[in-house]
Amino acid sequence: MTVPVLPQSLRDNPRPAQWIGFVPGKRVRLATGKVELGQGVLTALAQIAAEELAVDPARIDVVSGETGVTPEEGFTAGSQSIEASGGAIRLVAAELRARFLAAAALRLNCAPAALDIDDGTVLQDGAATALDYWSLAGAVDFEAPATGTVPPRAPGQFRYIGRPLPRRDLPGKLFGGGFIHDLRPEPLRHARSLHRPWPGAALGPLDEAAIARAAGGAVRLIRLGDFAAVLAETEALADRALEAAEARARWSGGTPRPAVPSEPLALLGAEHAERVLEVPAGRADAAASVGRVGARYLRACLAHASIGPSVALARWEDGRLEVLTHSQGVGMLRLALAQALGIAAEAVSVQHRPGAGCYGHNGADDVALDAALVAREAPGHWVRVQWTRAQEMSVVPFGSPMVVDLAAEVDAAGRPVSWEMTVTSGTHGQRPGHNGRTNLLAAEALPGATPTPPAPDVPDAAGFGGLRNAIALYDLPAQRITHHLVARPRMRTSSMRGLGAHGNVFALEGFIDELALRAGEDPLAYRLSLLSDPRGRRVLETVAAMSGWAGRPRGGEGVGWGIAFSRYKNRAAYVALVAEIAVEQAIALRRVWCAVDAGLVINPDGAANQVEGGVIQAASWTVGEEVRVGPEGVETAGWEHYPILRFAEVPEVAVRFVGDATDPPLGLGEVALGPTAAAIGNALADALGVRVREMPLSRERIAAVLLG
Amino acid sequence: MIGFTLNTRPVTVDAAPETSLLHALRGPLGLLATRFGCGAEACGACMVLLDGEPTNSCTLPLARVAGRQVVTVEGLGTPEAPHPVQAALLELQAGQCGYCLSGIQIAAAALLARNPAPERAEIAEALAGNLCRCGAHNRILHAIEAAGAAMRRAA
Ligand code: FES
Ligand code: FES
């Protein structure tokens, strides 16, 4: 007998009681460590539970992201939730259902095979009995670890999986409220925090009375080393106090500020750790080299720029800390808060509440420490801290700038016979707990804090950080991939949607396009000639058919078409994408077609929504976004200076899922980022006849390349 | 004391005249659908209708609201009786995080009130002051088209 490999989430949380409970009122309680980030995950997880338990999804109440209450499942990140939490829930629910059927069979003195369940009620030979989940719950073992041996329902039997269920959280958010921003627990005080504009900066004296006078009300100033906060009774007063405090704050010292332009290399700096990854050949080095091709691709530093600012609420009472947060990882945040405050983790409870769209490691964790620090100074009150727009776009971790160098020798047929890639990037993983540090912004400003050592990158086993999607899936000769992990980038960098995949796929798929053009071949045909993976071929062929690739207009005229392919993390969903653009001085995005193989899709509408959103966000990053840093810190701390794509600028997006429902579900929240960037870059090269290899593909960069 | 009409009801607020309407709504008036995004008229998350015109409330001092008509998302519709824009946004699942949707509902309702049959470009134009970071734009544009169609059918 083969022992099934259980999802990590289930190995870490093996007892069904940790996941599922049946509560009075014929309700089902589903607990998950994953949290709603606007991606619809709780709807999809409820759908999975409903399927395997055979209950109406409307009966399910989801509890998510509460330390000590929900299963510990790490961060909600990396397009992992459906595979990890969904995989666990699917097996647990299937097994619980079997345990209930066994218990019912005993009561009814029949074989379990004569029984079925419909919306929680036990059926015997198709007829309802008096038994249901709720009446039988006492007779069923919720503590014995799930074994993963009860097969979940097969695609042909699905009632709920594969159906476009509406999002459970959307109505609440549409009609008002529904966000952490809207919580008003009493007694409530409002605070605003002051953070260093650059690392290591020292804060000069601040006068509480002067701040209160300028703000026009009672204000408390809290100073803890080089961290400060203002505390007031109303939000309006706290805002005015922050303005007064910021106007009076004098910052000095700290790391030298770069008086440099914001090019990726200058922002990254030269000091780095190097390592080399050798990927064995996917095809024999058949022929001799007839020439060498090389190119350098750049990605700018990127900001999350979520529409809602980071918010947290904290209450300190009798040495215990309660925190409400929109963090992606309540368990890790709890440990980091305890470490930063010098208290036991058991004294801290952390609960997730929905924030505005979250695209990675943003300010959610940092602001939670801000709130905790202030709450400790005002025991008994709930302290709510909200960041300003400028903080949200300057003191947060950013997506690292990247420099990607590619080189290949090619044979007479234009196929690569050698392959080298060098990725230079800051870390893509500096979340709380990473590297044993809290990595919380204010922690470094507290009295006696030691500076954070250079962070390592996301581990390879987690899908790589800077090297995410650096390994090409094509049938290439041995790939030699070098990683330069920059020791001290000029800004804080951490995980942002797709990590290194956005820069790497842009580079890889741009370079493949260059090779195809050099060989005088159609970019689609060239890719297919180097791709034996059938699922990869299928998405490429599908997107070609969807877009009418073969009949696309040729010959420039200011219109360009580009194609790109990748499999996110080389193990999540396959994506092929075609972009159509028009170019005058700048790019006008017209249409995008996207074919995705994510295996079994739990909620097709929610999945399409994720992919569509990923395309638009990546398009925005690719054509226009760049964080700039100057002598006074980040210069792009607002949308006026960091424009994102607007309604008049978005392309229409068509998404089609082509996966097989018998393949396991694959994550897809981040799958479209890299291919979108590459398809737009390739479309631009198609339109111009020359290639722009530096993102953002802005008016200025296009002009610079055209002028040669 | 500053008085104005909020969602058809007269209200008064005891706050300094330079207080922003957004602070008054989310603070003493306790209406939470109007949201803070930037405080700088750059995102539209805080939009309300001021005498029928979509207006950012984050920089709008209460003094300028005195005696005027303010409509927020709460005044557009309710889960039981949604505004056509709200019904269509839900029907098309037009949103991811949903944070941007308050201001967008306001801008869309104002557009459809004067033009129930807008083209895609006209809708995009009416949403020029609204940002969405999740990339829900296409669904939102389609939902507003659908809302217009529903309003024309009902008229
Ligand atoms: S909060 Fe008012 S426009 Fe952004
Ligand atoms: S849905 Fe998240 S900002 Fe628009």
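This is a conversation about reading features in a predicted model.

Visitor: What should I know before I start?

Guide: Residues are numbered from 1 along each chain as its sequence is written, and chains are lettered from A and ligands numbered from 1 in the order in which they are written. Because the model is predicted, local features need pLDDT of at least 70 and side-chain atom pairs count only at pLDDT 80 or more, while totals for chains, interfaces and linings use all residues; side-chain values use heavy atoms, leaving out hydrogens and water.

Visitor: Which domains does chain A have?

Guide: Domain bounds come from an automatic or database domain assignment. Here that assignment gives domain 1 (8-165), domain 2 (180-253 + 308-392) and domain 3 (402-429 + 465-706). The centres of domain 1 and domain 3 of chain A, taken over C-alpha atoms, are 38 Å apart. In contact (heavy atoms within 4.5 Å) are 20 residues of domain 1 of chain A and 19 residues of domain 3 of chain A.

Visitor: How many residues does helix H16 of chain A have?

Guide: Helices (H or I, at least four residues) and strands (E, at least two) are DSSP runs, numbered from the N terminus. Helix H16 (residues 673-688) of chain A has 16 residues. The expected span of a helix is 1.5 Å times one less than its number of residues; H16 reaches 23 Å from its first C-alpha to its last, close to the 22 Å expected. Just after H16(A), A:Gly689 has a positive phi of about 80 degrees.

Visitor: Is A:Glu509 buried or exposed? What is its relative accessibility?

Guide: Buried means under 20% relative accessible area, exposed over 50%, and partly exposed in between (1.4 Å probe, protein chains only). A:Glu509 has 2% relative accessibility, so A:Glu509 counts as buried. You will find A:Glu509 in helix H12 (residues 501-518) of chain A. As for H16(A), 14 of its 16 residues are buried.

Visitor: With which side chain does the side chain of A:Glu509 make a polar contact?

Guide: A polar contact is a pair of N or O atoms within 3.5 Å; within protein, one must be able to donate a hydrogen and the other to accept it, and residues adjacent in sequence count only if both atoms are side-chain atoms. The partner here is the side chain of A:Arg527, at 2.8 Å. A polar atom of the A:Glu509 side chain also lies 2.8 Å from the backbone nitrogen of A:Phe565.

Visitor: How many aromatic pairs are there over all chains?

Guide: Rings of Phe, Tyr and Trp (its six-membered ring) pair if their centres lie within 6.5 Å; planes under 30 degrees apart count as stacked, over 60 as edge-to-face and the rest as tilted. The count by this rule is 13 aromatic pairs over all chains. One of them joins A:Phe22 and A:Trp134 edge-to-face, with 5.8 Å centre to centre and 90 degrees between the planes. That pair links distant parts of the chain, 112 residues apart: A:Phe22 is in strand E1 (residues 20-23) of chain A and A:Trp134 in helix H4 (residues 133-136) of chain A. Both A:Phe22 and A:Trp134 are buried. Ring pairs link A:Phe22, A:Phe100, A:Tyr133, A:Trp134 and A:Phe142 into a cluster.

Visitor: Over the face of which ring does A:Arg431 lie?

Guide: A charge sits over a ring if NZ of Lys or CZ of Arg is within 6 Å of the ring centre and within 35 degrees of the ring normal. A:Arg431 lies over the face of A:Phe75, 4.9 Å from the ring centre.
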